[in-house]
Amino acid sequence: MRRTYDDLVQEAATVSVDGWDFSWLDGRASEERPSWGYARLLGERMATAEAALDLQTGGGEILAGVPKLPPVAVATESWPPNLALAASRLRPRGARVVADDGGPCLPFRSGTFDLVTSRHPVRTWWDEIARVLRSGGAYFSQQVGPRSVFELAEFFLGPLEGSARDPEAAKQEAEAAGLEVVDLRSERMRMEFRDIGAVIYFLRKVIWIVPGFSVERYAARLRELHDRIEEEGPFVAHSARVLIEARRPAQ
């Protein structure tokens, strides 16, 4: 029996969206994964590191899944609900969780870490990353690429021009900070949203897709999209991902 529009909206508008666990969407939405396998590559790098820093760790989900953490493991996060989740996951593994303000100044001494990582950072502070890296150390990150999920954003906002996320621009910024980019890859992946509840949950969680999103503000468009999904099937969008690895030259 199909659930009503009101039931789907009510459920998705009230469920918790803390952390970066998207398992609530199982069976309701899907997204292809990049071919490189970030979690596996992260685990390989963590296994050989001595001191690692994970920036903007969210709820600590990715770092907590690493099989072997280095002797010194630190994660930063700025959003209080995520801080509590990250601490509950990472402290039992011996990792320290540090609150920051999300700004450009990292609260660590220069040359502290031989590995700095980040999955889907909101902003990459290249100068600060270069500063806290040891000689020969590396920054390893999977980031959101250009025009990611624009099909969904444009459904609510109308046509959008350009994108602030550019892999080549990131490479230039890394090099300007004194780092050598040793790997840079980009891919686009298919996404499907199979009911309006999945759309609402996603937009509440990934707040930069439709800034200021709320069910009340976009009630008419949500109803229109619900009817479209019911008649035509899943709403299709495409995510963009970039893998970047940059090293501080050995001195």
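Is R134 buried, partly exposed or exposed? Before I come to that residue, let me say that this is a predicted model, in which local features need pLDDT of at least 70 and side-chain atom pairs count only at pLDDT 80 or more, while totals for chains, interfaces and linings use all residues. Residues are numbered from 1 along each chain as its sequence is written, and side-chain values use heavy atoms, with hydrogens and water left out.

R134 is partly exposed, at a relative accessible area of 28%, where buried means under 20%, exposed means over 50% and partly exposed lies in between, with a 1.4 Å probe and protein chains only. Its salt-bridge partner is E50, and the closest N and O atoms are 3.2 Å apart; by salt bridge I mean a side-chain nitrogen of Lys or Arg within 4 Å of a carboxyl oxygen of Asp or Glu. This pair links distant parts of the chain, 84 residues apart, since E50 sits in the loop between α2 (38-48) and β2 (51-54) and R134 in strand β6 (residues 133-144). Helices (H or I, at least four residues) and strands (E, at least two) are DSSP runs, numbered from the N terminus. E50 itself is exposed, at 53%.

Two other pairs deserve a mention. D183, which is buried at 17%, forms a salt bridge with R185, with the closest N and O atoms 2.9 Å apart, and R185 is partly exposed at 34%. E192, buried at 18%, meets R194 in a salt bridge of 3.5 Å, N to O, and R194 is partly exposed at 36%.

Finally, a network of salt bridges links R3, E11, R28 and D195, and the count by this rule comes to 19 salt bridges.
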